[in-house]
Amino acid sequence: MVLLRYFDVCLVLAMAPFVLLAGLPLVGYLVGTCAWLLTRAGTAFAHKQAFRAGDPKLKAGLYVGGMMGRVWVVAFAVILAKYVGGKDDGIMAAALVLAAFTVYFVMSLITRGGQPQGSPTPS
């Protein structure tokens with residue numbers, strides 16, 4: 001079950017040899033990978049804090065803050081990849097993050113039934 005929960009991270013990391021062998025934009029891959037790992041860790045932390053919070057306003061704020069923070073980090077990463085490496089690197093970073101998010105979203109629906117990470121499963 002843990003492998004399914006982190007399947008997106010495994011796929012992102014497993015892509016490294018293919019990116020190197022195919023000659024795909026390396027800067028875009030590295031920036032996209034770092035952004036994805038950072039957002040996964042940040043979201044997990046925000047959800048854990050929200051689960052522990054007793055105040056409903058704080059709980060909602062942590063969930064929304066986690067989601068908005070993720071969007072900003074990803075957007076910054078794509079822009080950074082474009083300006084550091086070039087247009088192809090920006091596209092690579094955007095495609096990587098989009099693919100990783102799609103896998104993450106599907107796996108979260110399968111493993112948690114739509115429940116946020118860190119929340120109790122319904123009985």
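Biologist: Before we get into details, how far can I trust the coordinates, and what pLDDT does the protein chain average?

Modeller: Where pLDDT is low, the predicted coordinates should not be read in detail. Here the protein chain averages a pLDDT of 87, and 90% of the residues score at least 70. Confidence is lowest in helix α1 (residues 2–5), with a mean of 78, and highest in helix α3 (residues 16–22), at 94.

Biologist: Okay, on to the fold. How many helices and strands does the protein chain have?

Modeller: There are 6 helices and 0 strands, so reading along the sequence you get α-α-α-α-α-α. The C-alpha trace spans about 50 × 30 × 15 Å along its principal axes. Look at the contacts too: among those between residues at least 6 apart in sequence, 69% join residues at least 24 apart.

Biologist: And the inside? Which residues make up the largest nonpolar core?

Modeller: The general idea first: in soluble globular proteins, nonpolar side chains tend to be buried together. In this model, 31% of the 123 residues count as buried. The largest nonpolar core has 11 residues: Val 9, Val 12, Val 19, Tyr 29, Trp 36, Val 74, Met 92, Leu 96, Val 97, Ala 100 and Tyr 104. Elements giving two or more residues to this core are α2 (7–14), α4 (26–52) and α6. Of these, α6 gives the most, with 5 residues.

Biologist: Let me zoom in on one member. What does Met 92 touch?

Modeller: Leaving out residues up to four places away in sequence, Met 92 touches Met 15, Val 19, Leu 24, Pro 25, Gly 28 and Tyr 29.

Biologist: Take Ala 35, then. Is Ala 35 buried or exposed, and what is it in contact with?

Modeller: Ala 35 sits in helix α4. With a relative accessible area of 5%, Ala 35 is buried, because the cut-off for that is under 20%. Setting aside neighbours within four places in sequence, its contacts are Val 73 and Ala 77. For a sense of spacing, Ala 35 and Phe 18 are 17 residues apart in sequence and 19 Å apart in space, C-alpha to C-alpha.

Biologist: Now charges. Which side chains meet in a salt bridge?

Modeller: The count comes to 1 salt bridge. The side chains of Arg 40 and Asp 8 meet there, at 2.9 Å from N to O. Arg 40 lies in helix α4 and Asp 8 in helix α2, so the pair ties together parts that are 32 residues apart in sequence. Check the burial as well: Arg 40 counts as buried at 6% relative accessibility, and Asp 8 counts as buried at 1%.

Biologist: Last one, the outside. Which residues form a nonpolar patch on the surface?

Modeller: Start with the total: the protein chain exposes about 7,600 Å², and carbon and sulfur atoms supply 77% of it. The patch is formed by Leu 4, Phe 101, Phe 105, Val 106, Leu 109 and Ile 110, with about 530 Å² of accessible area together. Its largest share, 5 residues, comes from helix α6 (residues 87–112).

Biologist: How should I read Ile 110: buried or exposed?

Modeller: Ile 110 is in helix α6. Its relative accessible area is 56%, and the cut-off is over 50%, so Ile 110 is exposed.

How values were computed:
Residues numbered from 1 in each chain as written. Predicted model: local features only at pLDDT ≥ 70, side-chain atom pairs only at ≥ 80, totals over all residues. Heavy atoms only, no water. Patch = residues over 30% accessible without salt bridge, like charges linked within 9 Å, V, L, I, M, F, W, Y side chains within 5 Å. Areas by Shrake-Rupley, 256 points an atom, 1.4 Å probe, with all protein chains shown as cover. Salt bridge = Lys/Arg side-chain N within 4 Å of Asp/Glu carboxyl O. Helix = DSSP H or I, 4+ residues; strand = E, 2+ residues; numbered from the N terminus. Buried < 20%, exposed > 50% of the residue type's maximum accessible area, 1.4 Å probe, protein only. Core = buried A, V, L, I, M, F, W, Y, C linked by side-chain atoms within 4.5 Å. Contact = heavy atoms within 4.5 Å. pLDDT = per-residue confidence, 0-100.
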